[in-house]
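These are my notebook entries on one structure. I record here what I looked up, entry by entry.

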Amino acid sequence: MESLASLFVGKPLHILGVGLVFLAGHLVLRLTALGAGRHPRPLLWAFAAWALYAAWEWLVKVRTPEADIRVDLLLIWPVLLIVSIVAVVRALG
């Protein structure tokens with residue numbers, strides 16, 4: 001858990017990078033033969049969720065830079081995990 005915190009907390013560009021991976025996956029599946037018979041739209045949901053989290057993290061960083069106890073992450077991270085897993089399974093399944 002500590003490694004996740006050091007990777008994402010206070011680093012909205014890292015978070016946006018994860019979202020861009022989902023967007024790139026969507027574009028690859030949509031525009032190439034790899035996506036034949038697949039539905040890449042759920043990857044856009046994951047991109048949107050990660051982009052919203054990046055915006056939230058940026059807002060927290062700007063408005064409350066002294067915040068050291070982040071209870072909001074107890075809700076955000078499980079939701080992101082579930083959305084990401086469901087998006088990958090639905091897009092590739």
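Entry 1: I use "buried" for under 20% relative accessible area, "exposed" for over 50% and "partly exposed" for values in between, with a 1.4 Å probe and protein chains only. Helices are DSSP runs of H or I with at least four residues, strands are runs of E with at least two, and both are numbered from the N terminus. The model is predicted, so local features need pLDDT of at least 70 and side-chain atom pairs count only at pLDDT 80 or more, while totals for chains, interfaces and linings use all residues. Residues are numbered from 1 along each chain as its sequence is written, and side-chain values use heavy atoms, with hydrogens and water left out.

I then listed the buried residues of α2, which are Pro12, Ile15, Gly19, Phe22, His26 and Leu29. They lie on the same side of α2, because they cover an arc of only 120° around the axis; the arc is that of the directions from the helix axis to the C-beta atoms. An α-helix has 3.6 residues a turn, so residues three or four places apart point the same way.

What covers these buried residues? I noted that the cover includes α1 (2-8), α3 and α4.

**Entry 2: the length of α2.** I checked the span of the helix against its expected value, which is 1.5 Å times one less than its number of residues. The 20 residues of α2 should span 28 Å, and its end C-alpha atoms are 28 Å apart, which agrees.

**Entry 3: His26.** I located His26 in helix α2, residues 12-31. Its relative accessible area is 6%, so His26 is buried. Which residues does His26 contact, leaving aside its neighbours within four places in sequence? I found Pro40, Arg41, Leu43 and Leu44, where contact means heavy atoms within 4.5 Å. A polar atom of the His26 side chain lies 3.1 Å from the backbone oxygen of Pro40.

**Entry 4: salt bridges.** I searched the whole structure and found 2 salt bridges, each defined as a side-chain nitrogen of Lys or Arg within 4 Å of a carboxyl oxygen of Asp or Glu. Side chains of opposite charge can pair when their charged atoms come close. Arg70 forms a salt bridge with Glu57, with the closest N and O atoms 2.7 Å apart. Arg70 lies in the loop between α3 (41-63) and α4 (73-92) and Glu57 in helix α3, so the pair ties together parts that are 13 residues apart in sequence. Asp72 also forms a salt bridge with Arg70, with the closest N and O atoms 2.9 Å apart.

**Entry 5: the whole chain.** I counted 4 helices and 0 strands, in the pattern α-α-α-α along the sequence. The C-alpha atoms fill a box of roughly 50 × 20 × 20 Å, taken along the principal axes. Of the 93 residues, 27% count as buried.

Note on methods
Polar contact = N/O pair within 3.5 Å; in protein donor to acceptor, adjacent residues only side chain to side chain.
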